[in-house]
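I opened my notebook to look at one part of this structure and then step back to the whole. Here are my entries, in the order I made them.

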Amino acid sequence: MRRTVLAAVLVGLVVVASLGPWPPPSAPAQGVDVYINVTGGGSKKLNIAIPNFTVVSGADAAGHAKLLAAVAGNDLTVSGFFSVVAGVEPVPANNAEELQRRWSEFAAAGAHAAVHGLLAVRGERLEAEMRLYDLTSPGYRLIASKKFDAAAPQARRLAHRIADEIVLQFTGEPGIADTKIAYVGGRPGAKEIIVADYDGAGAVPATRNGSINLMPVWSPDARSIAFTSFMNGYPDLFRMFPFEPQRPVQTLAAFAGINSSPAWSPDGRFLALTLSMHGNPEIYVLTVATGKLERLTRHASIDTEPVWSPTGRQIAFVSDRAGQPRIHVMDADGTNVRQLTSSGFHTQPRWSPKGNIIVYTQRQGTHDLWAIDVSGANPRPLTAGPGDNQGASWAPDGRHLAFQSNRSGRWQLYVMLLDGSSLTQIPLGVSDATSPTWSPRLP
Amino acid sequence: MLIRAGHLMVMSLLLGLIVTGCAKRPATTSAASAPAPSAPPATSPATPAPVAPAPSAPAPAPSTPAPASAPAPRPAPKEFMAVAALKDVYFDFDKYDIRPADAKTLDANATWLKTNADNLVLIEGHCDERGTNEYNLALGERRAKATMNYLVSQGVQANRITIISYGEERPVCNEKNESCWSKNRRGHFLVKPR
């Protein structure tokens, strides 16, 4: 792939307006295509304007036109690719002159792109159109447009899908706004699993059994969650279907001892888990459709917390066979066990969706997130306090991590990019939130 | 990895954006006049209202037979009660071996259990809040198991004993200091008549 890095040429520019927070623009470089480096967080962002949507039909008494811009704007900010201005007055529809005038203002203020959002309210349905413009091109070329629709109560999801489409346009991979995060809410002794949008909105209890519910993990189809619960007295493993409230909870494993640490294989057919029915915590693989169990580890130490590689060929897990808990890797049939991390107290391995690194939790007084290459090279910290930072869960893009931290004095959930940038707390409105699990992109 | 974007032209101040000289792929979406995708969003997950499919609808979900369940009968933990004669034992951080002072406690507990042979016993293994939930669930079980093994070595019948790990989920002390943590790293005893 041929690449050129353009040097900054800012000499002689005149700042015309200040509609945005962006640095002043330079002369457009024509005839080139944009690539965005999708692995890094980085400080170089694309400046994008999302005015409030323009109501083209129906009455928007609920204020969806503003909501769509605000929610999608926040999504683009969280994506880490954009510097966003949202919430400014809408751009009239069917008025090319006014469109050009507004875009020229944004371009003069430093915007590289703008979204013209159109909204039709038809009874209980919302129909939205996203038109994406290149403000660096002569005449502000239309890059792409797409229509979306949803029931009115799903307006936030509509905005997330628009944002994910915009990210797709600029990076070649959809965003991660149309996803859910499940987590554990409550204090020791009374913990329930809750499901919310990835940005914390719309939190709904997914368990209400008054027991202790732990370790939620989404299935790869984003339809079900495996979890450990004491609802029947002992730590057993269950599966629930949070979007099908009438569907009963399914028991996955209820053997003597602990039944915990569920991990779905990438194809959803298998579940790696920890069972101690033979007297010691060992890792097994359950064939979900048949209930067939295969034991993978046979060691007198604690073996727990299996996670699959994205190819399904390997499983990382925690074992204290080296004296302290460390991250180990084995083939999915239990062979070729190797120790990945050394000299430390390491738990909670989380294999990157990209496959190349494993994030884990290191205890050294307090807990912090670390990452290591799958080769075993380059262990490095992702967080360095404050407080404890643990329980990571990857977003499906392999760029974002959700995790729990008590830096505020209470356990709360946070999201950051892999390089630690774009750190934000997920507003959940509960006093204790732990064990986030990020869903795949919703179907 | 660099992934191609749409044909947006870059501004030169965007140092971090890598650009290239030729277009290799057209924009992926349709023009403004394209018909709207007609498929409504999938089942609305955010809505708490029940969205159960109509009874006549084919089940959309994957087949989910309830597979592995335990043949072993397990007495319900809630049927067990604490008894003053059975004292807790405690553990060092990330350890599950029985310390000498706690062995004396277990000797006394074993004596009581042998005297009161009509009682079943439930041993709970607990951890402090440090560490992580998953690992602590395993560690708590190790503590309960080590405690059970000691009682068996002192002549208590193994078939009277059930163990359960609560990990770090049931602390008796909620402050963040070693004094409190050391109280939480415990083996606890409950009994019920046979």
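I began at a strand pairing and found T228(A) opposite L237(A) in β13(A). This is a predicted model, in which local features need pLDDT of at least 70 and side-chain atom pairs count only at pLDDT 80 or more, while totals for chains, interfaces and linings use all residues. Residues are numbered from 1 along each chain as its sequence is written, and chains are lettered from A and ligands numbered from 1 in the order in which they are written.

I followed the pairing along: β12(A) and β13 (residues 236-240) run antiparallel, joined by five bridges. Strands here are DSSP runs of E of at least two residues, helices are runs of H or I of at least four, and both are numbered from the N terminus. Two strands pair if DSSP finds at least two bridges between them. The hairpin of β12(A) and β13(A) has six residues between the strands, and G233(A) in its turn has a positive phi of about 105°.

Next I checked the other partner. β11 (residues 213-218) of chain A is also antiparallel to β12(A), with four bridges, and W218(A) sits opposite I225(A). Six residues lie between the strands of this hairpin too, where A222(A) takes a positive phi near 60°.

Buried means 20 or more other C-beta atoms within 10 Å of the residue's own, exposed means 12 or fewer, and partly exposed lies in between, with C-beta atoms placed from the backbone. In a regular strand, side chains alternate between the two faces of the sheet. I225(A), F227(A) and S229(A) point one way from β12(A), while A226(A) and T228(A) point the other way.

I then turned to an open sheet of four strands, antiparallel, in the order β10-β9-β8-β31 (chain A). β10 (204-205) and β31 (433-438) are at its edges with a single partner strand each, so one side of each has no neighbour in the sheet. β8 (residues 180-185) pairs with β31(A) over four bridges, and G185(A) has A433(A) as its bridge partner.

Last, I stepped back to the whole chain. Chain A holds three helices and 31 strands, and 55% of its 443 residues count as buried. Its mean pLDDT (the predictor's confidence in each residue, from 0 to 100) is 90, and 90% of the residues score at least 70.
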